[in-house]
Amino acid sequence: MHLRTYFALLSLHVFALAAAYHRQSDAKAVSVTSDGSVRDEPVIRSESHANGLTASKASLMSRTFVECAVAKRASEIDAVDNPGIEYCPSECSYLVEDSKDTAETCTFKCVSAQQCGNAGNSSTRADQTWADPETGLCKFCPVRGCTACHNNTGKCRVCDEDRGWYLSGDTCKFDRSWYFWAFIVLAVAGVIYSLAWWLALCWRPVVNAHGELLGLRYRTSAKQLQESRIILGQGNILDPNVRNAEGLLQEQDRKLVPLLTNTLAKPVGGAGSVLYFRFQAFLIFLAFMTYVSWAVYVSTRSEDVSDNGTQNPKNWIERCNQVIKGKRVEDNEARGLAGFMFGIYIFCELATFVFAIWQKRAFNHLNDMATMQDFAAILEGVPPVLGTEKLEHVLRDHIQNETGHEVAGVSVAWTYQHENHVEALLEEDVEETEKMLEPWLQDIEGPDAATSTRHKLWFPLDFMLLATLLGIPLTEEPCAHADTAEDKTPQYLATHCVASNKAVVVFKTEAGRDAACQRETLLGKGKIQWGSAKLRMKPLNAEASGIMWRSVNIPRTSITSRVFQSIGIVLLAELIWAMCLYLPYACYVASFSYANGDEPSGMTNSLMGFLVPLGNQILYFVCLTCSERVGFFYYDTVMVMYMLLYMLAIFINVCFDMAVAVFASYSRAVGEHARTADGQLISSLGSWNEVARSYEIQHEVGEVLSAYAWPSTFFTPYVIEVAAAGWLIFNIQRRFVRSSAHLKGWKAEKAMSFFVLMDSSRYADVMSSLMVAELIWIVPSGFVADIFLYLTLSNIFVFMMDQHKALRWVPSWSISTPSIDSYALGLLGLCLGIIPAVGIFKINCINADHEHFDDATHFCVTDGPLVLLMLGVGWLSATLHWLVMTFLVPYFDDEQSHKVAEETYNAVAERTAQSWFNTNPMNCLRSKYVYQDNPPCTYYISGKQHVLQRNVDASCHFFDHRRVEKENYGNW
């Protein structure tokens with residue numbers, strides 16, 4: 001059974017009706033004439049077959065019967081359902097492949113039932129021992145694990161003992177089946193335990209309804225919100241666009257960004273978010289144009305091109321004819337197909353080049369809108385000053401005096417200890433401020449925690465899923481302020497820190513920032529002398545949300561080593577995954593003979609189809625964790641590193657998957673004694689090039705690759721993402737909070753925080769799908785249309801899913817630079833480089849005497865040299881692509897057209913919650929305990945914008961205490 005049985009989701013093949021143009025030849029049978037040419041003939045069915053009387057030959061007197069024991073080529077036998085019954089005389093009524101005349105391709109003869117499987121006397125295949133009276137064919141024994149059957153009965157008499165099968169009555173049993181049943185028992189037990197855990201969670205009494213409501217309200221507040229300009233009036237926050245019946249301004253809740261927002265034009269998550277969605281739209285365009293181009297191409301060729309390799313033969317005669325025909329079609333169309341692939345490759349490269357220029361210009365246009373980034377400069381070379389000094393004010397005054405331009409403030413990147421404890425202190429300060437603004441929160445008291453105690457039976461899953469994965473405390477935890485250790489008090493932490501070499505200088509105007517950075521001094525452009533230190537200042541290419549303030553605690557000298565450590569960890573994770581999944585599965589696949597119905601079950605293939613995307617999700621977390629621990633200062637750099645690691649991991653996974661698929665296809669072909677078009681057994685081929693070029697192997701790999709692409713790669717991972725991250729995790733959080741009395745206030749809100757974030761992994765996801773789709777060129781051409789149709793539909797589904805995800809499933813997010821998109825466009829060359837590499841394989845070793853080839857154009861390299869040639873062509877293509885994206889595309893950039901913001905920093909800061917000051921943990925801590933600001937700079941937490949307090953002296957300008965409109969979550 002092929003891997004197409006992965007999921008019942010294959011019913012979605014109804015989408016392929018749009019590709020019905022290449023299915024018109026299904027009503028034709030294939031035969032090969034005596035001169036080797038191919039013809040399509042209508043399937044001739046006998047009258048007895050039409051009447052359901054397959055054993056009767058009364059109506060077949062007009063047909064010429066094959067003589068007993070006389071070998072006939074498959075081309076001399078019309079393709080019918082029951083060729084033995086309809087062609088062989090009654091004294092030798094079974095048709096079987098002739099094993100004696102191996103020089104001929106697919107020769108058959110009529111034998112008696114006793115001669116089926118008698119390789120010595122009758123020269124029939126020894127593995128075709130079952131004389132099937134329904135079809136009149138000598139066939140493989142239908143009993144799994146059996147090597148020889150009793151004639152006519154189909155019952156086993158000899159089992160394959162070499163592979164662990166033993167005879168039990170008329171069937172074969174596997175003597176190591178306990179492995180399988182042990183796995184089944186463990187899997188079923190795990191599923192039952194998980195379901196019981198879920199039911200127990202659902203049935204727990206509701207003891208914390210207030211915590212649930214707070215958590216739901218917090219999730220809504222943390223999402224992408226509409227930006228609205230506000231004015232203050234009589235203690236209220238008024239929206240100038242909203243008036244009451246009397247025409248007066250009135251207060252109104254903040255609103256979420258509408259789901260139907262055009263994310264291709266509106267920067268809902270920074271200017272880079274538009275590039276993010278346009279990249280996905282571009283891949284939809286490439287897939288669709290490839291599909292349309294292929295449809296046009298095959299309309300000018302024979303019908304054989306559109307369905308080559310997709311037919312499912314009913315018997316060995318059809319299979320032989322299809323192998324011959326398929327190989328002939330492949331040879332005939334090799335040059336035309338290579339020309340088409342070259343054309344589509346050039347089109348994709350040119351389209352990518354134009355798109356990359358468009359992306360850069362679009363970003364520059366979107367970046368004209370005034371944001372926090374326009375007023376900030378990065379200051380490097382700051383000496384290691386102790387936290388007891390008021391360094392922020394000192395640097396502000398010095399830079400302002402040196403440059404002559406007004407500075408709004410300086411946010412220093414401090415190195416400090418107990419990072420998590422500092423975070424907890426600031427979160428508790430935010431909670432206290434919120435209670436002060438909303439006194440009713442102090443009155444919320446839940447019942448005693450003992451009433452919500454969970455049974456110890458569920459502790460393993462509680463610990464793994466809730467505590468470890470989701471970070472939800474299972475019991476009451478002490479407050480951070482209650483920690484009396486001297487080195488953990490907020491006063492100690494605020495002063496016992498050391499300045500790193502970086503700081504962010506915020507100017508009042510963008511023109512002032514630019515002038516200060518371009519200012520020429522004796523030290524050089526943008527350099528300032530401060531005591532013995534030489535400070536360097538340049539424009540900051542990031543938003544306030546894109547600074548990883550905690551990363552400065554990692555020594556700069558260790559970043560390079562951490563990059564290589566991250567790569568090593570990912571490779572180690574891949575090795576462990578291969579040892580735990582691919583190697584056992586390969587051994588499992590190799591344990592089947594494939595000759596007697598002995599092959600992996602559909603359930604096994606379905607399980608593999610589930611484990612493959614599960615492995616990708618595990619690698620998702622590994623790559624993200626490794627990227628964050630490197631210590632990059634900018635979040636966009638972290639996302640670039642994450643995308644590169646994730647792309648590397650998926651590429652290795654695809655290689656593993658394809659290796660297992662090819663191995664399984666080869667094992668099946670060998671077990672079934674499949675032959676090449678010129679009559680050689682697959683098992684007798686001497687080089688991998690001959691094996692790879694054989695039509696039977698390409699057909700099998702095409703089936704496997706098609707099923708691997710759809711739905712396992714193109715659809716299943718995203719369904720899992722919707723079901724698990726979008727629904728299951730949220731409902732687990734919600735039900736645990738509502739039944740846990742110890743989760744109150746901020747703890748309840750934090751327990752229901754978002755599990756999924758908006759990151760750069762989708763770039764790697766869609767590119768990996770394109771990579772798998774491009775591999776389809778290596779197999780017969782009949783698979784091409786379906787794959788690119790499914791890829792188009794898949795990318796459309798992913799785009800729509802990400803539209804909803806960006807606005808409803810994740811907390812507010814921002815991509816402030818084009819760096820992620822630029823790297824993604826460069827990596828796209830790896831996917832497109834597959835096309836010319838496969839093109840080399842396609843035209844390699846075509847018969848030199850073929851009518852479409854002459855000695856001048858014919859070439860043939862095999863094995864190692866062919867692999868090196870394909871890798872070289874693919875690598876050269878990817879390298880040239882990267883060089884074009886890196887050096888040529890910037891020449892067409894219109895970066896100089898950027899308009900200087902006319903607004904001041906104060907005006908932008910009044911409508912922007914995140915600033916360079918409230919996102920810096922140590923700046924907020926020092927504002928309260930060193931500078932004694934009142935109110936202090938409130939730490940920014942996504943979803944807590946209404947808690948931020950205005951204090952111009954602390955560089956805090958945002959103030960909007962409005963809540964977000966209520967969102968309906970329903971009961972589920």
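These legends go with a set of close-up views of a predicted model. Residue numbers count from 1 along each chain as its sequence is written, and side-chain values use heavy atoms, with hydrogens and water left out. Because the model is predicted, local features need pLDDT of at least 70 and side-chain atom pairs count only at pLDDT 80 or more, while totals for chains, interfaces and linings use all residues.

**View 1. The whole protein, before zooming in.**
There are 27 helices and 20 strands here; these are DSSP runs numbered from the N terminus, with helices (H or I) of at least four residues and strands (E) of at least two. Of the 972 residues, 54% are buried, where buried means under 20% relative accessible area, exposed over 50%, and partly exposed in between (1.4 Å probe, protein chains only). The accessible surface is about 42400 Å², and carbon and sulfur atoms own 60% of that; the areas come from the Shrake-Rupley method with a 1.4 Å probe, and for residues only the protein chains shown count as cover.

**View 2. Gln359 and its surroundings.**
Gln359 sits in helix H8, which runs over residues 334-366. Its relative accessibility is 2%, so Gln359 counts as buried. The Gln359 side chain reaches the backbone oxygen of Leu275 at 3.2 Å. Setting aside neighbours within four places in sequence, Gln359 is in contact (heavy atoms within 4.5 Å) with Leu275, Arg278, Phe279, Asp821 and Leu825.

The structure holds 33 aromatic pairs; rings of Phe, Tyr and Trp (its six-membered ring) pair if their centres lie within 6.5 Å, with planes under 30 degrees apart called stacked, over 60 edge-to-face and the rest tilted. Arg278 lies over the face of Trp358, 4.6 Å from the ring centre. Elsewhere, the charged end of Arg693 sits over the ring of Phe841, at 5.5 Å from its centre. To count, NZ of Lys or CZ of Arg must be within 6 Å of the ring centre and within 35 degrees of the ring normal.

**View 3. Helix H22.**
H22 is mostly covered, with 20 of its 26 residues buried.

**View 4. Asn208 in a loop.**
Asn208 belongs to the loop between helix H3 (177-203) and helix H4 (209-221). With a relative accessible area of 6%, Asn208 is buried. Not counting residues up to four places away in sequence, Asn208 touches Val737, Arg738, Ser740, Ala741 and Leu743.

Most residues other than glycine have a negative phi, and most peptide bonds are trans. The Trp710 to Pro711 peptide bond is cis, with omega near 10 degrees, and Pro711 is in helix H18 (residues 695-713). The bond from Asn934 to Pro935 is cis too, with omega near -5 degrees; Pro935 lies in the segment after helix H27 (921-929). His418 has a positive phi, near 55 degrees, in the loop between strand S15 (407-415) and helix H10 (419-437). Ser955, also not a glycine, has a positive phi of about 60 degrees. His418 is partly exposed at 28% relative accessibility, whereas Ser955 is buried at 8%.

Terms used
Polar contact = N/O pair within 3.5 Å; in protein donor to acceptor, adjacent residues only side chain to side chain.
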